[in-house]
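Hi,

Here is the structure I promised to pass on. Have a look, and my notes follow below.

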Amino acid sequence: MSEIGIVVDSSPNAIVVQISDDKTFERNKDAIQIGKYLQIAEGNHNFVICVIHNIRIHEKKYLITSQPIGLYSDERFGQGAILLPSPTEKAFIIDPKILNSIFSKDGDYSFELGALVQNKDVNLHINGNAFFSKHIAVVGSTGSGKSCTVSKVLQDVVGISKSKNVHKEEQKNAHVIIFDIHSEYKSAFDISSEENFSLNILDDDKLKLPYWLMNSEELESLFIESNEQNSHNQVSQFKKAVILNKERHNPTLSKITYDTPVYFDIHEVYNYIYNLNNEVINKVEKEDQLPRLSDGNLVYDTNDYFDERYSFVTSNNTKATKASNGAFYGEFNRFLSRLETKINDKRLSFLLNPLNSEGSPFKTDDFKGILKQFLGYLNKSNITIIDLSGVPFEVLSITVSLVARLVFDFAFHYSKLKHVEDSLNDVPFLIVCEEAHNYIPKSGGAEFKSSKKSIERIAKEGRKYGLSLMVVSQRPSEVSETIFSQCNNFLALRLTNINDQNYIKGLLPNNTSSVTDVLPTLPAGECLIVGDSTPMPSVVKMEMPDPEPKSESIKFHNQWKECWLDVAFDEVIKRWKKE
């Protein structure tokens, strides 16, 4: 060990070391750098491990301000330093053997993350179970290397190395679902077919999410404008129509509710609302006070409203044909217009008009096949990429909410079944929320309510059922606080925005404050890891993933200094017309 000085000031947040002399400082200059480690004697056999925070000269003496992060005792390291060194205790450059023992592969700490920036000869190994079984946050500004970091971590966990499938002979049971906003992760997992790794990609053409799987919040977010004056009437009658139609198409089921995931026909619901909007009630004396059609017949059962759009008599005060407008006459003009527009919007076909392999609409009995889209490991792969780049922004939140809720419900019920058998859930899931600020923001209107509720529920309860989150964002200060507060592990790359820096610092433990000061200056590909899975807060250099993630939608041509879409104009126009 190389002794460098003594402690002159000691507190839980900072330990100040005075360097013995100028020669000692010059001899150890390479090791005395901000972010590197010291070991300070505490008694005869214990050492407090500290990270260097500040180096300065005061009255011709070199002073090092360091932050205690853990105690090394009996050849084991533990985070947190309950025992602190007294003034005059000796300080040393950390022994390479101690550094290796803290970060080396050992027992639970077997998942290699990267090389320590402070000592590139030492690779950081983390506790894989503590990392993936709990929620993970990955944050960093644009260009800091978030996508490559996420890709490398996921490649390692599913067994892709240098474009080869390490688990070629046997498939693992863990499954990763990626919400890919910019269509960049496909290339990171698209390897040779000879490697027996079948990637499951669901874009807006392949993804099938029948509207009848939506719960009340998702349906109302899609079809109801909450700021309209009569929105309460829209909600009440739409809810009534949906429940009645579910009962109509599922007569063998009992206790059907608004949220029951069974088939109903949205076109029939439209007919029902249309007829309510045009309903005229018979008011002739001594006759039933029921809706009267233009052919003179009365409507005795409003369930008939599902069958077709009827024509009603005109409201009048003539005694023989007296009739008055129904309770909702003209109330739903804007609602019907919006409903019709959404139903006929070809961009929303994956939601409102998905067809099975036989060209027929999905029904209740198809529920199992719909679920298997996301649970690809059952017969396809360990990675499912849900490509959201082609999903219209107005339904992005609903799409995320629906998929996340279905996966949570599956994990919940599967766990319950395993508990009945007196065993544990053996099918863990990891949902990766790329660009999370786009659909689970800290603040926002009703359009984000459903996705925030679904993801926040996973953040609060998912771990109990083998379901964890990886939340990825370039603007962490704009992401739901509930979600980040539940994250136990953080990978923080370069953050240039001061609000984001302060927000992340506020989420991390107190003993990492000095380490987090490096966030605005980290080079691309370097990240600070903090959390339950790492022996102590560390800055690591991640290897580049192989293959790499990339988005090839746009190419830049310097010759004309213009940005040309890498798609033929006729293809662009053809797609545009579909929308």
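In what order do the 11 strands of the open sheet come? They run β9-β8-β22-β21-β20-β10-β19-β18-β13-β17-β14, with mixed pairing; strands are DSSP runs of E, at least two residues, numbered from the N terminus, and two of them pair if DSSP finds at least two bridges between them. At the edges sit β9 (123-127) and β14 (200-202), each pairing on one side only.

Before going on: this is a predicted model, where local features need pLDDT of at least 70, side-chain atom pairs count only at pLDDT 80 or more, and totals for chains, interfaces and linings use all residues. Residues are numbered from 1 along each chain as its sequence is written, and side-chain values use heavy atoms, leaving out hydrogens and water.

Just after α12, D422 takes a positive phi of about 65°.

α12 also meets α13: S397, I398 and F408 are among the α12 residues in contact, and I455 and R457 among those in α13 (contact means heavy atoms within 4.5 Å). By class, that contact has 6 nonpolar, 5 polar and 4 charged residues (nonpolar: Ala, Val, Leu, Ile, Met, Phe, Trp, Tyr, Cys and Pro; charged: Asp, Glu, Lys and Arg; polar: the others, Gly among them).

Cheers

How values were computed
Helix = DSSP H or I, 4+ residues; strand = E, 2+ residues; numbered from the N terminus.
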